[in-house]
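Trainee: I have the sequence and the model open here. Could you go through a few packing details with me?
Mentor: Gladly, ask away.

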Amino acid sequence: MNCQEFERVIIELASGRLMDAEWRRNAQSHASACARCAERLEQERTLSARLGAVAAAEAQIKAPDHIKQSLRAAFDAGFASAPAPAFRAQNHRLWWGWAAAAAVLLLAVTAVLWRGVKLSGWDLNADQTPGASATPTPRPAEKQPEIKRQENVAPVARNDLATAPAPKRRVIRRQREVNPAVEPAVEPAVEFDDDDAEFFPLTLVAQTEAEGAQQIVRVEVPRSTLLMWGLPVNAERAGEMVQADVVIGEFGVARAIRILN
Amino acid sequence: MENISRKLSDEELLRLALAGDGDAFDLLYERLQSGIYRFTLRMTGSEAMAEDITQETFITLLRDGGQQDAARGTVRSWLFGVARHTIYRRMKRERFFVPMTEEGEGEEMIVDERLVAREDPLAALTRDEMIESVRQAILSLPPHYREVVLLCHLHEISYAETAEVIGCSVGTVRSRLHRARALLGEKLQAYGKSKDDSRDLLRARCSA
């Protein structure tokens with residue numbers, strides 16, 4: 001046995017734990033021949049003796065009686081209904097608080113986007129056949145206008161949203177999905193020219209979904225909302241509306257925004 | 001409790017307790033409470049915290065004890081695992097790393113009278129000092145080192161069972177224990193040196 005192998009079994013040897021008899025003999029013979037390892041063994045034995053003294057001193061420590069009484073009362077009352085300690089309830093309250101905050105934030109974003117779509121002149125009912133209701137109620141999914149990028153436009157890589165400038169002269173085409181059986185006429189696409197503004201990420205998730213489907217929607221947003229998101233707008237004109245492009249990711253979540261004016 | 005045989009295993013007692021046998025629960029509690037309480041006490045350094053966690057651990061046993069799988073470990077190791085999980089959750093939530101005993105707690109430390117009764121007062125004082133220094137050294141270890149020292153040395157649980165409690169390999173237990181003992185040795189050596197220095201200072205003052 002060499003010093004390295006001795007070091008592997010020194011704790012068992014010093015603390016009297018069960019170990020292979022042959023290993024024990026080899027370790028003891030090594031310690032008798034190696035002064036350094038003999039000193040190490042003596043140190044470990046001293047430490048083991050001290051730990052053993054603590055263990056012996058604490059062997060009679062018991063949990064206070066009131067714990068047993070409380071547990072037995074809970075047992076007798078039906079332990080399934082035993083009251084949980086307060087901190088567990090606090091944890092649950094904290095979790096629900098975060099969930100409620102997330103829900104409120106999601107509702108606020110949805111409301112802003114919905115308002116922005118209406119204000120930017122994209123009347124969802126404008127293309128309906130005569131006689132259709134003029135109320136702003138959203139139509140079924142197959143009839144709703146969908147904003148798609150042209151195929152020759154490079155997709156916005158979401159992991160680059162924070163740093164990469166937007167492509168120059170990118171064109172966004174507004175295009176309806178039409179059910180030919182109902183609406184044979186296809187409305188000409190309306191094109192918008194973008195400026196060179198930069199996208200700001202709105203969620204931390206943006207960097208993890210580089211390949212997912214996404215859409216860009218042009219909206220009008222109150223400056224106060226942009227201020228709330230921490231975007232660089234003039235606070236003195238917080239009540240005014242600004243035009244912006246919003247990148248909508250999967251599940252309808254707004255991923256990034258670009259201010260146009 | 002007389003109706004319950006003390007030869008029953010922990011697993012059998014747990015099964016009876018979960019079926020509503022109060023005597024079985026009492027006996028199981030008597031077997032396990034001391035270890036769980038001492039473990040939580042030395043992990044947290046706080047009596048109040050140890051009482052809370054011990055109570056919650058046994059409530060968990062009553063509520064979720066049916067999930068304990070005898071094929072994967074003993075009731076004792078499962079319960080130590082529950083206590084450990086609760087301790088870490090409390091640590092994470094409250095960040096209460098307490099290197100010092102609470103006010104008045106030091107005087108209430110229970111010391112086995114059989115160890116000190118027949119010794120002279122000076123030897124008893126020295127032994128108490130030594131024990132307290134080891135306690136403080138253990139409490140000052142990082143939690144993942146502290147727990148292996150407590151389980152393997154103060155509770156004399158095997159490496160394999162300690163690995164079950166912690167949820168790691170036996171090799172990890174061995175390496176952590178090795179490192180923990182090295183840290184303990186350093187701390188106790190520093191403590192012994194500071195004590196020698198104070199004695200030298202006292203001797204110098206007396207002779208001056």
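Trainee: What is the handedness of the crossing of α2(B) and α3(B)?
Mentor: In this predicted model, the crossing of α2(B) and α3(B) is right-handed.

Trainee: And which residues make that contact?
Mentor: From α2(B) the contact uses Tyr29(B), Gln33(B), Ile36(B), Tyr37(B), Thr40(B), Leu41(B) and Thr44(B), while α3(B) contributes Glu47(B), Met49(B), Ala50(B), Ile53(B), Thr54(B), Thr57(B) and Phe58(B).

Trainee: At what angle do the two helices pack, and how far apart are their axes?
Mentor: Helix α2 (residues 22-44) of chain B packs against helix α3 (residues 47-64) of chain B at an angle of about 140°, and their axes are 8 Å apart. Angles over 145 degrees would count as roughly antiparallel, and α2(B) and α3(B) are therefore oblique to each other.

Trainee: Switching to chain A: how many residues of strand β7 are buried?
Mentor: Five of the six residues of β7(A), which spans residues 254-259, are buried, so this strand is largely enclosed by the rest of the structure.

Trainee: Does β6(A) run parallel or antiparallel to β7(A), and how many bridges join them?
Mentor: Strand β6 (residues 241-248) of chain A runs antiparallel to β7(A), and five bridges join the two. Within this part of the model, Asp245(A) has Arg258(A) of β7(A) as its bridge partner.

Trainee: What about β4(A) and β7(A)?
Mentor: Strand β4 (residues 200-201) of chain A also pairs with β7(A) in the antiparallel sense, over two bridges, and Phe200(A) stands opposite Ile257(A) of β7(A).

Definitions and conventions. Residues numbered from 1 in each chain as written. Chains lettered and ligands numbered in written order. Predicted model: local features only at pLDDT ≥ 70, side-chain atom pairs only at ≥ 80, totals over all residues. Axes fitted to C-alpha atoms, helices over the stretch in contact; angles between N-to-C directions. Helix = DSSP H or I, 4+ residues; strand = E, 2+ residues; numbered from the N terminus. Parallel < 35°, antiparallel > 145°, perpendicular 65-115°, else oblique. Left-handed = near helix turned anticlockwise from the far one by under 90°. Contact = placed C-beta atoms within 7 Å. Buried ≥ 20, exposed ≤ 12 C-beta atoms within 10 Å, placed from the backbone. Pairing = 2+ DSSP bridges.
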